[in-house]
Amino acid sequence: MSVVDHVREMAAAGLHSNVRLLSGLLLTMSGNNPELFSPSQKYQLLVYHADSLFHDKEYRNAVSKYTMALQQKKALSKTSKVRPSTGNAASAPQSQCLPSEIEVKYKMAECYTMLKQDKDAIAILDGIPSRQRTPKINMMLANLYKKAGQERSSVTSYKEVLRQCPLALDAILGLLSLSVKGAEVASMTMNVIQSVPNLDWLSVWIKAYAFVHTGDNTRAINTICSLEKKSLLRDNVDILGSLADLYFRAGDNKNAILKFEQAQMLDPYLIKGMDVYGYLLAREGRLEDVENLGCRLFNISDQHAEPWVVSGCHSFYSKRYSRALYLGAKAIQLNSNSVQALLLKGAALRNMGRVQEAIIHFREAIRLAPCRLDCYEGLIECYLASNGLREATVMANNVYKTLGANAQTLTLLATVCLEDPVAQEKAKTLLDKALTQRPDYIKAVVKKAELLSREQKYEDGIALLRNALANQSDCILHRMLGDFLVAVNEYQEAMDQYSIALSLDPNDQKSLEGMQKMEKEESPTDATQEEDVDDMEGSGEEGDLEGSDSEAAQWADQEQWFGMQ
């Protein structure tokens, strides 16, 4: 048994650090004495050494050693062609134990992807003849082609994966995301569905995700709900996560949170989708829950984007935009395809006044998730913030045409129209259509209330908000109802509404300001007494200082009460 055989056995046993040390020493010996090892032995040592470097995440070093190994293999092939081996029986076992050249190229491609050198990864895999490509090579190629925008090549590679492995569900999702018809994808799995028992659910699963990737959220939700109700697939974490994400896309945040919570209870170590869950909690003002979620996710893994996004959402909604920007950038570094990380970073940049940089991130989010409305909302907000009303209008109309006339797209288009003084009637019509479809859609209610406030139709606004709050409780709706009640001199109930809003989100500054304004207006007698005292004591500097100290003390008490220290 040669020393190279010992290295091979250690590599097979997973003793990577031992392989790295020994193979490194043996390669040095080979460099000092080229006759010490045969060309095939040197090829093996280079591959095993590169594998150990790959395991240690030294990807550039691994690529250099894999490249040297392939050069050695090429020289070995030329030698064997020129001078065929006479000891066929002895050489056969040796050739059989040589590491696969195709596997070496696949590992090189993995290194390139880790180094974010996708073009080099595609080039090395493209060099493998089609007939020699294994399913994992085709899968990697499909994903790389998709990322590079080469959709036709991506579809071909995904189909090749399914031809070899018809139950490769991620390849199915890849095809559906590239607008391949659900019926065509289902036909590629029909034989296995008919021949394997208990797979009758797969055709429904494909149908559901076909709806997902065409942006038909309502039909996708209904189909997945029917799938989830089947006894054999009840309480599946992936299905619950997909359902939660669909509710989120449809603007039904209450059901989205509920489904995320169910999935989290079933799998306490769940990471996928938790970035969206954290974002929803942050929007609800549940910052303590967001902080706890972030800590829990970091304990599970800090090598995924989700924990960083959740922590970033906590910072963003705490108005620490610089920290949110850093955390979003860290998440993107870990996963450049994280839509939620791009949205977080874009929102932080926008709030910091760096609108043009924010636009780049929102556009990339749209490229990755063309059916997610929140990506377009972020971009349109940037256009409006930079006085780009025309660009915002064009984008909103495109979204309306692409995703269809639903409550969300109608509201988005209305939001842009509200910024145009000549389009107020159009905005009103769009919002009425949205609320006819979904009376509970909060964004539509908020925009309609804003319009009624401009028109000073306070009674209509109060009726709208009361109706919306009859079946749901939301901080913004309670706060807006408080504003409307103040306008009609219903001060006590307005105070109640501000209190409810702050109980839902203690960090809501506008509710706090409304309450403070109410407190001042509710105590005119105290104010009059203070003026009388000032008149009695005179209007000297001492009186002004006392008033200043009193006001500072009042603010300090309020800040302590509302947790704003």
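Modeller: First, a caution on records: UniProt positions are given here in the numbering used for this chain, feature names are shortened, and annotations may be inferred rather than shown by experiment. This is a predicted model, where local features need pLDDT of at least 70, side-chain atom pairs count only at pLDDT 80 or more, and totals for chains, interfaces and linings use all residues. Residues are numbered from 1 along each chain as its sequence is written, and side-chain values use heavy atoms, leaving out hydrogens and water.

Colleague: Which residues does UniProt list for "repeat: TPR"?

Modeller: The unreviewed entry lists 237-270, 339-372 and 475-508.

Colleague: What is the helix and strand content over residues 237-270, and what is it over 339-372?

Modeller: Residues 237-270 are 79% helix and 0% strand, with end C-alpha atoms 8 Å apart. Residues 339-372 are 79% helix and 0% strand, and the end C-alpha atoms lie 9 Å apart. Helices are DSSP runs of H or I, at least four residues, and strands are runs of E, at least two, numbered from the N terminus.

Colleague: Is the crossing of H19 and H20 left-handed or right-handed?

Modeller: The H19–H20 crossing is left-handed: the near helix is turned anticlockwise from the far one by less than a right angle, whereas clockwise would be right-handed. H19 residues in the contact include Trp308, Val309 and Phe316, and H20 residues include Ala324, Leu327 and Leu334. Contact means heavy atoms within 4.5 Å.

Colleague: How many residues of each class does the contact of H19 with H20 have?

Modeller: That contact has 9 nonpolar, 3 polar and 2 charged residues. Ala, Val, Leu, Ile, Met, Phe, Trp, Tyr, Cys and Pro count as nonpolar, Asp, Glu, Lys and Arg as charged, and the others, Gly among them, as polar.

Colleague: What makes H19 and H21 roughly parallel?

Modeller: The H19 and H21 axes are 10 Å apart and pack at about 25°, so the two helices are roughly parallel to each other. H19 passes H21 in a left-handed crossing. Val309, Gly312, Cys313 and Phe316 of H19 meet H21 residues including Leu344, Ala347 and Ala348.

Colleague: What angle do the axes of H21 and H23 make?

Modeller: H21 (residues 339-351) and H23 (residues 373-385) cross at roughly 15°, with axes within 11 Å. They are therefore roughly parallel too.

Colleague: What makes Asp56 and Arg20 a salt bridge?

Modeller: Their side chains meet at 2.8 Å, N to O. A salt bridge needs a side-chain nitrogen of Lys or Arg within 4 Å of a carboxyl oxygen of Asp or Glu, so the pair qualifies. The structure holds 24 salt bridges.

Definitions and conventions: Axes are lines fitted to C-alpha atoms, for helices over the stretch in contact, and angles run from 0 to 180 degrees between N-to-C directions. Angles under 35 degrees count as roughly parallel, over 145 as roughly antiparallel, 65 to 115 as roughly perpendicular and the rest as oblique.
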